[in-house]
Amino acid sequence: MKRYDCLKLLAPMVEEHMFAVTSLSTNAPFWFNVRPQGPNFFALNMGLCLPFALGLTAAFPQRKVISIDSDGSLMNDSSSLITVADVNPLNLVAFVFDNSSYAFMGSTFTARRTDLAKMAQGAGIPNSGTVRTLEEFSAAAKQAMASTGPHFIVAKVEPDAGRVAADRSRTSGRPMREWFMDAVRRHPDYQNRR
Amino acid sequence: MDQQSVKIILDTFKEEGIDLVVTLPEEPTFALTEAVRQDPFFTAVTVAGEGNGIAFCAGAALGGRRVAFVTGVAGLLVSSWALSQMGMVYGAPILILASYRGDFGDHSGIPGSQLLMFKQVAEPLLGALRVPYRVVNQKATLKRMLQEGSFACQDYSHPIVLLLSGEVLW
Amino acid sequence: MKRYDCLKLLAPMVDKHMFAVTSLSSNTAFWSSLRLEGANFLGCNMGLCIPFALGLTAAFPDRKVIALDSDGSLMVDTSSLITLADVNPLNFIAIVFDNGSYARMGATFTTRRTDLEKIAQGAGITKTGTVRSEEAFAAGVKHALETTGPHFIVAKVEPDKERVKGDPHRTYGRAMREWFMDAVRHHPDYKGGKKGD
């Protein structure tokens with residue numbers, strides 16, 4: 001199944017006051033295409049997406065926080081799964097789009113022996129599973145959005161067909177942070193801790 | 001990195017006896033690591049995290065293998081814990097080739113402020129970790145730098161970093 | 001069961017040409033008091049024991065390399081298990097002494113939700129086990145030493161009663177490295193030392 005189709009299905013489930021965090025890779029421009037508004041933190045580098053999202057759950061415990069990660073990124077720091085399990089945030093929904101590729105640079109470990117949902121279960125996240133079709137993805141996402149978490153969903157997707165152009169002023173680095181902080185400061189739950 | 005630079009590096013690795021090359025793939029050096037993978041002379045190892053990568057290289061190097069680690073500034077940052085141990089504490093002879101991203105003209109998919117950070121942080125980071133490094137940005141001097149870097153690696157018994165930039169990288 | 005008793009069972013099974021790598025923690029002090037000969041790399045800091053041992057397997061593919069790690073250390077970098085599964089070195093044995101503690105600084109994640117053996121299986125290592133008695137430990141390591149790996153064994157042990165420190169001139173840092181490299185250079189399989197070293 002295709003990553004973009006999954007994200008297109010997910011976007012309407014994410015309400016305006018929910019948070020989304022993406023890794024580097026097409027997760028960023030694709031997510032921006034389907035959900036440009038609301039508090040989105042785009043394009044975190046390897047290993048940082050899931051722990052950053054976890055931190056957001058501590059700042060906004062009453063809102064769903066959706067992590068949109070990639071297999072290579074998560075595997076760079078798989079210990080973050082242990083931290084997630086232990087913090088046990090009820091509002092975290094963590095997706096990993098597993099295309100078994102490092103961008104266009106060859107296959108990752110999930111093409112061979114590694115099973116990320118199993119690692120998550122070992123870490124101690126009981127609601128962990130793998131989905132392979134759009135129907136399965138849709139059902140799992142709906143269930144995760146409608147129940148307490150944490151949820152960990154590995155979506156097996158095809159490698160992307162080509163590079164995707166993105167508006168770097170919205171999805172990249174320091175400029176992106178400005179848009180994110182703007183949304184955060186206007187968020188009804190925001191408590192400015194001095 | 002073009003095939004000319006790739007060839008210089010692979011030929012020099014062979015002359016230096018470096019037959020184990022470890023990496024986590026990254027874009028600017030991908031042509032190199034892919035060529036290593038295709039060449040039966042080399043044992044190519046892919047690691048899940050650069051921290052594992054540096055520790056792995058140290059075990060192999062102290063055990064007597066000639067080893068090179070191919071990464072970028074991001075990988076140096078991730079592996080800085082392992083580098084502090086394997087460099088300053090244990091003096092493992094590891095030759096590290098790292099893409100020196102973030103100079104003007106790097107229009108890659110990494111966010112701009114990350115590129116800026118890579119450029120600003122790379123040299124002070126290596127200085128702080130006491131890892132000797134040189135910036136290599138000319139094809140004319142690439143071979144000599146690899147040879148001298150490899151020699152220094154064994155001579156000092158220490159990791160050595162060659163920061164690849166300019167026409168060597170792009 | 002006690003970590004020291006396990007290591008005492010293991011030491012005589014390790015022949016002089018095998019390699020051992022220990023993490024910081026009483027693994028280092030205990031192991032150094034039990035196995036004085038051979039190549040021992042002692043006192044690896046957090047997260048580095050398993051990947052360093054993995055690198056040693058690339059230098060000595062015909063000898064068993066035994067990583068003696070701790071739960072806290074491994075959990076700093078569980079990605080090393082992914083790398084381990086992929087490299088798949090037949091001569092590798094990891095024994096993780098899981099006492100559920102960061103030295104004397106409180107409980108780790110394995111006392112709560114985390115199961116290291118299951119993480120290893122998820123990473124792709126098939127020959128795994130968790131042992132809770134000395135009999136099971138002895139049987140597990142004997143099997144690992146006699147068959148191809150990689151093997152991954154979690155040994156559930158009690159927290160140590162006191163702090164134990166090894167001889168700093170043998171078991172830590174640069175001084176330890178000297179002893180290790182001496183053993184490495186005298187190893188019959190050593191292939192280093194070429195080309196003007």
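Let's start with the sheet of chain C: six strands form an open, parallel sheet in the order β2-β1-β3-β4-β6-β5. Strands count as paired if DSSP finds at least two bridges between them; the elements themselves are DSSP runs numbered from the N terminus, helices being H or I of at least four residues and strands E of at least two. This is a predicted model, in which local features need pLDDT of at least 70, side-chain atom pairs count only at pLDDT 80 or more, and totals for chains, interfaces and linings use all residues. Residues are numbered from 1 along each chain as its sequence is written, while chains are lettered from A and ligands numbered from 1 in the order in which they are written.

At the edges of the sheet sit β2 (39–44) and β5 (127–131) of chain C, each pairing on one side only. Within the sheet, β3 (residues 65–70) and β4 (residues 92–98) of chain C pair in the parallel sense over six bridges. Here C:L68 stands opposite C:I95 in β4(C).

Helix α2 (residues 26–34) of chain C lies across β1 (19–23), β2, β3 and β4 of chain C and runs at about 155° to β2(C). α3(C) also lies across β1, β2, β3 and β4 of chain C, running at about 175° to β3(C). Axes are lines fitted to C-alpha atoms, for helices over the stretch in contact, with angles from 0 to 180 degrees between N-to-C directions.

Finally, look towards chain B: 30 residues of chain C are in contact with 25 residues of chain B, contact meaning C-beta atoms, placed from the backbone, within 7 Å. The largest share of the chain C side, eight residues, comes from α3(C).

Definitions and conventions: Two residues are in contact if their C-beta atoms, placed from the backbone, lie within 7 Å.
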